Amino acid sequence: MSSPLTLVVSIATTLLLGFVVAAAVMHSSSSGGAALAYQQSRMCSQSVHPSLDGEGLPLADAVPMAAHGDLGAVYTRIGRPDFNGLATYGRFGYRPEARAHLTVLEGGGSGLWVPQTIATAARVKVGDRLTGSPLTVSAIYADLAHPVEDWWCSEVKTVVPNALGGDGESTSVIWVGQPSDLAALPPEFAGGASVSLRFPTDAPATVADAETLRDKGNALVESLGLPLTRTDLVSGAISAAHAAERNVASALLPLVLISVLVGLAGVGTVTVQWAQRRHSELRLLWVRGAGPLALGFRGVLELGLPLVVGGLLGLVAARLLLPLYAPGVALAPGTLWSALGFVLAVVLASLAVTVFVAAWRTHRTFQRRARSWRLAVVPWELVVAGLAVLAWFRLSRNGLGTTLKGTELPRIDVAALTFPLLVVLATALLATRLLRWALALSHRVQWWRVPAAQLALRRLAAAVGPVTGVVLVGVLAVGTIAVGSSVAGAQRSALDSKSGVFVGANSTVQVSQDIALGKVELPSSLQGTTTLVGVSTGALVVDPATFTDAAVLDDAAEVRTLVSGLRRSGDVAPALRIGRAADQEIQITGLPLLKPVASLATFPKLGTRGYVLSRESVTAPEHVGSWHLWSSLPLSALTSTLQEAGIHYTNVADRARVLDGLPFLTVEWTFGFVTAIGVVLAVVAAVALLLAIEVRRRQNAVSGALSTRMGMRPAVLWSSHLMEIGALASVALLVGALASFASAGAAVPRLDPAPWLNPAPSLPNLTPLVGTMVLGGLLVVVVAAWLALRGARTARMGELLR
């Protein structure tokens, strides 16, 4: 207790050590839970539990089978039910509570509920009787259409008709009031029935809960003994969650090991300072017969409790701050105990380092002469730069180490993580060595015309050790934060960009060729947000006037100019050549002869190969493969507008859900933790700077008090401290930012989880990040300068002279 500063530094050192280790364990565990939650968000909630399906069954057998499920449905084959002599295609079905999830247009009751499309085509009215059956129509409801509410998600293929498909391929369902009504249907519906058994349940929060649900669900469906096909989607989500957790953990392992080594080095530094302060006591104990090992354990008696307390506080901080750095808050059972075990391991390692360093220090001081060489002479920046070069060769050759399969998560190569960080570390070491040389030569500088700058420079030169240490940690902090934020932001923007290129717009639907032929008009509310696009093999037919209103484009003005110039003047239609497409005339089925007149590197939907022609060049729209509406609106807004206008559509696509983003999220989560480590280093740098100021309090007080007594104005002394500390912060910010942006700019395009899709990841806008770091640096500078100036203002001159 006689050295409170040592106490605080000891606690802070192992607090940061414990935080890094515990946070890594919790971050990896939460990555698995976040991956599971993401996969479940892309799944139908009723398909999380293992389910059963069957087709081509006798209707008499299908009805009792459906009763075994918590939510069992039966559907007949598609036939031609006859109500009043105008038979059309339709099928019958029963699903508990189905009617509560339908929109009634006319009638109600417990009879047959007929969809509006069938009622219109067959002129069915409420009260009509089904020919060959005693069942009568009691209600007419609005057909289900994409996107359906969650209750229908597992039945989409059956209950949502494809209005653009052939006759008899799909149709809406005529719902009966109870299962027994299915026995009263005409004989033509007695065979070819289908069954779906669903077991709705709450979504599991953790991977362990999902595994329990999978095992119990599979045991349940197995016990039913039904001749149906089992669907187990949750197993795929569990595998993806495990893979994400393993990938993140393996990628973080080298970073955590380096952080632990740096933290243990900090513990060794604290022990050396303790040995210096306790030199007299240790010498007395050595003279009385205590050996180096005993003196090493003497250090544990004094530093052991703060080290243990700091480690436990790091565990608590990691748990409380989990929402700030981890991708999710759900942890697997036992994660906290695992984190506690690792924290205790690093605490024991800290105690061991304390014993070793204290014993080594006393042995070196009292038993043998110190060697003259120092580790500082070793060119560590060259060693680290060599490792960075090796990491670059591996990164440029392997990227993330991803196989070209869209169903696999990226197996993150360690080089992908370490290359930009090794560049930052090498730059930081080089900057500190140059700074040390510059401060050693600073006595030659004569800036007495600017006394504030001269005093700041001399104070820096007098404390070259703490100064270079603070700059080293500051550069690492700035660089690590910038690298982590850059790569994580690049992954988010890459997923969004690739999804836009893959779909073409925010939402798309396939529509009938009647719109292209002008037989059906689009609603006026879609003007300015929607365009009609024809899709043929390897080519797009676009409307120059509206295409840029809806398509996802990097340079809309350039595309608008190029597309507007595609005016056909003869038998050959001018076209844009995209990417690697052949630069020659080409004939595509359903389209006129195409002649490339301009080119673009990439294009929505086509990627890097294909052709684009104007809609005006197509004289036979019915020969184009298919027609789609592209819109900048959300999918729900687009489809609701089309439903209100009575326009049929199918094959919907939503930019937000078209690609599996888990590979991108895995990389983002990994570098998100890198950002968290950078924040920890920033805290270390700020605390180290403030502690260095506090340690030099008496020296600053003497210097400041004497300077003011000799006529220096307080404002000059204040500006001098601002220059001194501001120079350190400026060097750390400038060097860290330049090194990180250069290394991240080279690495980001190669950290691509889906290299077969364009565009490649690119650096995001880093202006907000730089601004935040500058503001944080200014705050630290002002606080540190105020602490340094406070000692001079509050000093008693008589006490200082004494």
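**Figure 1. Surface and overall form of the protein.** The protein exposes about 37100 Å², and carbon and sulfur atoms supply 60% of this area. The structure shown is a predicted model. Its secondary structure comprises 23 helices and 17 strands. The radius of gyration is 36 Å, well over the 28 Å that the globule rule gives for 802 residues, so the protein is more spread out than a compact globule. Along the principal axes, the C-alpha trace spans about 115 × 70 × 45 Å. Of the 802 residues, 48% are buried. Among contacts with a separation of 6 or more, 79% are made by residues 24 or more positions apart.

**Figure 2. The packing of helices α1 and α6.** Helix α1 covers residues 4-41, and helix α6 covers residues 233-277. Their axes lie 8 Å apart and form an angle of about 180°. Angles over 145 degrees count as roughly antiparallel, and α1 and α6 are therefore roughly antiparallel to each other. Sorted by class, the residues in the contact of α1 with α6 are 20 nonpolar, 13 polar and two charged.

Figure 3. Helix α14 consists of residues 464-503 and contains Lys 498. Is Lys 498 buried or exposed? Lys 498 has a relative accessible area of 0% and is buried. Apart from neighbours within four places in sequence, the residues in contact with Lys 498 include Leu 659, Phe 664 and Asp 752. The list of its contacts also holds Ala 754, Leu 757, Asn 758, Pro 759 and Ala 760.

**Figure 4. The cis peptide bond between Asn 758 and Pro 759.** Most peptide bonds are trans. The bond that joins Asn 758 and Pro 759 is cis, with omega at about -5°. Pro 759 belongs to the loop between α21 and α22, the latter being residues 767-794.

**Figure 5. The cis peptide bond between His 146 and Pro 147.** In this view, the peptide bond from His 146 to Pro 147 is cis, and its omega is near -10°. Pro 147 is placed in the loop between β6 (137-141) and α4 (156-159).

**Figure 6. Leu 728 and Phe 741 in helix α21.** Helix α21 runs over residues 714-747 and includes Leu 728; Phe 741 also has its place in helix α21. Leu 728 is buried, with a relative accessible area of 9%, whereas Phe 741 counts as partly exposed at 22% relative accessibility. Which residues does Leu 728 touch, not counting those up to four places away in sequence? They are Leu 460, Val 467, Val 471 and Leu 689. With residues up to four places away in sequence again not counted, Phe 741 touches Ala 482, Ser 486, Leu 763, Leu 766 and Val 770. Leu 728 and Val 781 are 53 residues apart along the chain, and their C-alpha atoms are separated by 8.9 Å. Phe 741 and Thr 14 are 727 residues apart along the chain, and a distance of 31 Å separates their C-alpha atoms.

**Figure 7. Thr 675 in helix α19.** Thr 675 is part of helix α19, which is formed by residues 662-695. Its relative accessible area is 16%, and Thr 675 is buried. Setting aside residues up to four places away in sequence, Thr 675 touches Thr 480, Ile 481, Gly 484 and Ser 485. The C-alpha atoms of Thr 675 and Glu 558 are separated by 37 Å, and these residues are 117 positions apart along the chain.

Figure 8. Most residues other than glycine have a negative phi. Glu 97, however, has a positive phi near 65°. Glu 97 is located in the loop between β3 (91-94) and β4 (104-107). With 58% relative accessibility, Glu 97 counts as exposed. Arg 123 likewise has a positive phi, near 55°. Arg 123 lies in the loop between α3 (116-122) and β6. Its relative accessibility is 59%, and Arg 123 counts as exposed.

Definitions and conventions:
Residues are numbered from 1 along each chain as its sequence is written. This is a predicted model: local features need pLDDT of at least 70, side-chain atom pairs count only at pLDDT 80 or more; totals for chains, interfaces and linings use all residues. Side-chain values use heavy atoms; hydrogens and water are left out. Axes are lines fitted to C-alpha atoms, for helices over the stretch in contact, and angles run from 0 to 180 degrees between N-to-C directions. Helices (H or I, at least four residues) and strands (E, at least two) are DSSP runs, numbered from the N terminus. Angles under 35 degrees count as roughly parallel, over 145 as roughly antiparallel, 65 to 115 as roughly perpendicular and the rest as oblique. Ala, Val, Leu, Ile, Met, Phe, Trp, Tyr, Cys and Pro count as nonpolar, Asp, Glu, Lys and Arg as charged, and the others, Gly among them, as polar. The radius of gyration is taken over C-alpha atoms; the globule rule is 2.2 Å times the number of residues to the power 0.38. Buried means under 20% relative accessible area, exposed over 50%, partly exposed in between (1.4 Å probe, protein chains only). Contact means heavy atoms within 4.5 Å. Accessible areas come from the Shrake-Rupley method with a 1.4 Å probe; for residues, only the protein chains shown count as cover.
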